[in-house]
Amino acid sequence: MRISFQSFSFCSFLSFPSTEVTGDLVAPHISPATTSSTRTKPSIRPLSLSFLNMMWQASLSIFLPVLLPGALAATTYDMVKEFSGSTFFDGWNFYGKFDNLTNGDAIFVTSSVAKSSKLAYVDSTTNRAIIKVDNTTKVALSDKRNTVRISTQDEIGVGSVWIADMYHVPYGVWPAFWSQAPNWPTGGEIDTFEHWNMELHNEMTLHTNPGCQQVSPAQTSTVVNSTDCSFSSNSNAGCGVMDPNDSSYGAKFAAAQGGVFITEFAESGISVWFFNRTSIPTSISSNSSSFSIADLGTPVANWPTGGCAIDTFFKPQNLIFDITLCGDAAGNKAVFAQTCSGICYDDYVVGDGSNYNNAYFDVASVRVYSKLPARRNRPWCRAIVSAFPKAKMAAG
């Protein structure tokens, strides 16, 4: 067997420490926050045999699942980041402008406005994060209503799981907990939780460049809205799977004290699970620092790499919470009329805001697990890749 490292970008899988590495490999010590344009070109010594051996072992973790498909069945993930409690909003960026993304009748406020108007805060009683629509301000005709969109500062790569523990999700609006790569549609989008208006079920969806299909999924849901994930097909509907559990969204979700949404972003495919509060697996409910994916059983939705090559269509993702009003999907007259009366903007956005008393996320935590740590972009990591010898390693 011969394995070539020529096309293997190991920075996506290995996260070197920000402090200088000693020993066989010397990596330049450059902080991600450094902004100087006069950096000295790093000097990198030739890679030693021991370092090449380390890379060989790393490659086995990548290629063994291909050779031994059962290897992924009991993948264990370790927690690398937790957003919870008083520091929940640390590490998130607020969008800070009107909804020019989905044409909603909403203004995504800045961090300072969100704090002062209590649209994004940590409840002192429950110690949980609240993300909400302004439901107290009277909005005049032709104006938009304030709401929130936040995204993580860190990108989360393949080989990761994120778990959102929520007690309430917005309904009567267009909410989502999702992720996307910075240069969408390149790099893809994963919608873990999304629906609109007064619908009863969560919908999980991928949006990608053309060529990604859902093929032979291993999932519990039989409600598949589309198998074509391309943003250019079906008005960017994506390849969506509906959760048949009617407490996965809306009033019944809140009545059941919510639950957890789990997303696995793996080389073998993308999967989403949902567990009501009373059915959360012990390894998750105990806030363990690690867990096995085997603990979760069959996912509600699954997109195997066989129909959608993950390394081709997906890049590291930013997690996002947002709540918009009306907009391209929820505000479409035919769509709106399916579950709501009246006109979305005229009868809901305009006025005193009491229509949005249930338009909020109540989030206990968002935890990120990985086989390797989440990372920021690291210039020195690129330097190490460029220095890696373009040679082939033989084995056996």
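Here are a few notes on the cysteines in this predicted model.

1. Let's begin with the overall tally. A search of the whole structure turns up three disulfides. If the word is new to you, a disulfide is a covalent bond between the sulfur atoms of two cysteines.

2. Take C212 and C308, which are joined with an S to S distance of 2.0 Å. This pair links distant parts of the chain, 96 residues apart. C212 sits in the loop between β13 (203-207) and β14 (223-224), while C308 is in the loop between β19 (301-304) and α5 (310-313). The link is left-handed, with -105° about the S-S bond. Have a look for the two cysteines inside the model: C212 and C308 are both buried.

3. Next come C229 and C239, with their sulfurs 1.9 Å apart. With 95° about the S-S bond, the link of C229 and C239 is right-handed. Both cysteines are buried.

4. Then there's the disulfide of C326 and C344, at 2.1 Å from S to S. It is left-handed, at -100°. C326 is in the loop between β20 (318-324) and α6 (327-330), and C344 belongs to helix α8 (residues 344-349), 18 residues away. Again, C326 and C344 are buried.

5. What about C340? C340 is in no disulfide, and the nearest cysteine sulfur, that of C344, is 7.4 Å away. C340 counts as buried because its relative accessibility is 13%, and the cut-off for buried is under 20%.

Notes
Residues are numbered from 1 along each chain as its sequence is written. This is a predicted model: local features need pLDDT of at least 70, side-chain atom pairs count only at pLDDT 80 or more; totals for chains, interfaces and linings use all residues. Side-chain values use heavy atoms; hydrogens and water are left out. A disulfide is a pair of cysteine sulfur atoms within 2.5 Å. Helices (H or I, at least four residues) and strands (E, at least two) are DSSP runs, numbered from the N terminus. Buried means under 20% relative accessible area, exposed over 50%, partly exposed in between (1.4 Å probe, protein chains only).
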